[in-house]
Amino acid sequence: MFTGIVEELGEVVAIEDLGDASRFRLRGPVVTEDAKHGDSIAVNGVCLTVVDTADGEFTADVMAETLNRSSLGALTAGSRVNLERPMALGGRLGGHLVQGHVDGTGTIVGRTPAEHWEIVKIALPATLSRYVVEKGSITVDGVSLTVVEAADDHFTVSLIPTTLALTTLGLKQAGDPVNLEVDVLAKYVERLLGRGAADAADLHDIEEIKEMDR
């Protein structure tokens, strides 16, 4: 579990093509200082498992499923990436609960600079828009952000100077893809409400059958 508070702006050192997967080697001295084989590190919001670490770098195997469902497949050697270690139990929850399980990708469609911040407009799939609400939380490339405006086909976020300087969101341009993870609580609520409606319908059908049998 992560919080969406990026710890380090890392870099892709090399990518090895394994056919149906890729092996990434990434530089991140901060996130690797206590990392070991089998640990998790979020890379642009994607939870990856550490294969090994050495000299401030770590490697991770990225399966075809992850490459197909996220923007990691577009990365090349030299690409900058957002890195975060899992949250520690008992620590402060600075952002919101983030699983590192990407729900889909969006596209930056516009940036509007202001004096002390920048508004970024991001297009998203219709399948995800129902989970995005004004003043709610969303994870963009692993960064926990508050939604300013929520529409059917896009949303906007306001980026402070710290976010612009210390994450890849300060480098992204219009047309660039980003990984999106919506609030998992919204998905659970939808599932439970749907199940509740189905149970109510089943109960109604049973009562009607009983009534017919009388």
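Which residues of the largest nonpolar core touch the most other members? In this predicted model, where local features need pLDDT of at least 70, side-chain atom pairs count only at pLDDT 80 or more, and totals for chains, interfaces and linings use all residues, the answer is Ile122, Val132, Ile138, Val140, Leu145, Phe155 and Leu180, out of 20 residues in that core. Residues are numbered from 1 along each chain as its sequence is written, and side-chain values use heavy atoms, with hydrogens and water left out.

A nonpolar core is a set of buried Ala, Val, Leu, Ile, Met, Phe, Trp, Tyr and Cys residues joined through side-chain atoms within 4.5 Å. Another core, of 18 residues, lies apart from it and includes Val31, Ile41, Val46 and Ala60.

Glu118 is located in strand E8. With a relative accessibility of 15%, Glu118 counts as buried, the classes being buried under 20% relative accessible area, exposed over 50% and partly exposed in between (1.4 Å probe, protein chains only). The side chains of Glu118 and Arg111 are joined by a polar contact of 2.5 Å. Such a contact is a pair of N or O atoms within 3.5 Å; within protein, one must be able to donate a hydrogen and the other to accept it, and residues adjacent in sequence count only if both atoms are side-chain atoms. Excluding residues up to four places away in sequence, Glu118 touches Arg111, Thr112, Pro113, Val157, Ser158, Leu159 and Leu164.

Met1 precedes strand E1 (8-17) and, at 46% relative accessibility, counts as partly exposed. Together with Leu93 and Leu97, Met1 makes a nonpolar surface patch of about 260 Å².

The protein chain contains four helices and twelve strands, assigned as DSSP runs (H or I, at least four residues; E, at least two) and numbered from the N terminus. Its C-alpha trace spans about 80 × 45 × 40 Å along the principal axes. Of the 214 residues, 37% are buried. Among contacts between residues at least 6 apart in sequence, 69% join residues at least 24 apart.

Methods. Contact = heavy atoms within 4.5 Å. Patch = residues over 30% accessible without salt bridge, like charges linked within 9 Å, V, L, I, M, F, W, Y side chains within 5 Å. Areas by Shrake-Rupley, 256 points an atom, 1.4 Å probe, with all protein chains shown as cover. Salt bridge = Lys/Arg side-chain N within 4 Å of Asp/Glu carboxyl O.
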